[in-house]
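Please read it alongside the sequence and the model.

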Amino acid sequence: MALNNYGALQTAIADWLLRTDLNVQIVDFINLAEVELARRVRRSSARTTISITNRDTTLPADVAELRSIYPQSGEPYKDLPMNVVSPEVLAEMSAGHAGVAGRPRWASIFGNHLLTAPAPDKSYTVEIIYFQKLSPLTGGSTASTNTILSEAPDAYLYGALLQAAPFLEHDQRIPVWQSKFDNAINQLNDVRDREEYNASIRPIRLPIVFS
């Protein structure tokens, strides 16, 4: 069976568990596996543009962590990357401008909001590159799959099987599932690292000569 959607995943979990009395709990097993996947899997990146008209701008719902932010004013000599800083540093930068609006130079995430300093003196279009939140699976057609289920269905399967451990009473398969779950996560993170960094130019290392 192809593990390509939420329903197929639920069926596979029930088959692997050899249990017919856990159909309701299987939904919880998947949800709990997603919680761990969200903590351990390095997130994929996305890029979009937003408008900054106030100091506080609502971010897209899937933003988990901001990587970089670039103004797009059409003036390349001014469109330098904004500095992504902590909320504490941003507060210091805001205080330093004494409430005077201008071209935003610093940015920070607070919840699902983008805060900037100084406050913008007009509307600015900026491009943001960010790490995405894991989109949870649901029974609806719009969320019956996501990037992790498409790329690594084994991570979902073994992660959910592990969450069934309290119902299995010392099942000998649990260590195998744990090993396969960990391996799937490690492989996913390796793929993310290669996608992000493997294309970069590597520095040339000269041989070390000992005198």
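## Terms and basis

A residue is called buried under 20% relative accessible area, exposed over 50% and partly exposed in between, with a 1.4 Å probe and protein chains only. Helices (H or I, at least four residues) and strands (E, at least two) are DSSP runs, numbered from the N terminus.

The model is predicted: local features need pLDDT of at least 70, side-chain atom pairs count only at pLDDT 80 or more, and totals for chains, interfaces and linings use all residues. Residues are numbered from 1 along each chain as its sequence is written, and side-chain values use heavy atoms, with hydrogens and water left out.

Helix H5 spans residues 153-163 and is mostly covered, with eight of its 11 residues buried. Among them are Ala155, Leu157, Tyr158 and Leu161.

Because Trp16 lies in helix H1 (residues 6-17) and Tyr158 in helix H5, the pair ties together parts that are 142 residues apart in sequence. Trp16 is partly exposed at 37% relative accessible area, whereas Tyr158 is buried at 11%.

## The sheet

Four strands make an open sheet of mixed pairing, in the order S2-S6-S5-S4; strands pair if DSSP finds at least two bridges between them. Strands S2 (56-58) and S4 (83-84) are the edges, each pairing on one side only.

S4 and S5 (residues 106-110) run parallel and are joined by two bridges. Asn83 stands opposite Trp106, and Val84 has Ala107 as its bridge partner. S5 pairs with S6 (residues 113-117) in the antiparallel sense over five bridges, one of which partners Phe110 with His113. Two residues lie between the strands of this hairpin, where Gly111 takes a positive phi near 65 degrees.

## The largest pocket

A pocket is an open set of points on a 1 Å grid over the protein atoms alone, where a 1.4 Å probe fits, with protein on both sides within 12 Å along at least five of seven lines; lining residues have an atom within 4 Å of a point. The largest has a volume of about 220 Å³, the space filled by probe spheres set on the points, which are joined across faces, edges and corners. Of its 16 lining residues, Gln132, Lys133, Leu134, Ser135 and Thr147 are the closest to the centre. Helices H2 (23-40) and H4 (147-151) each supply at least two lining residues.
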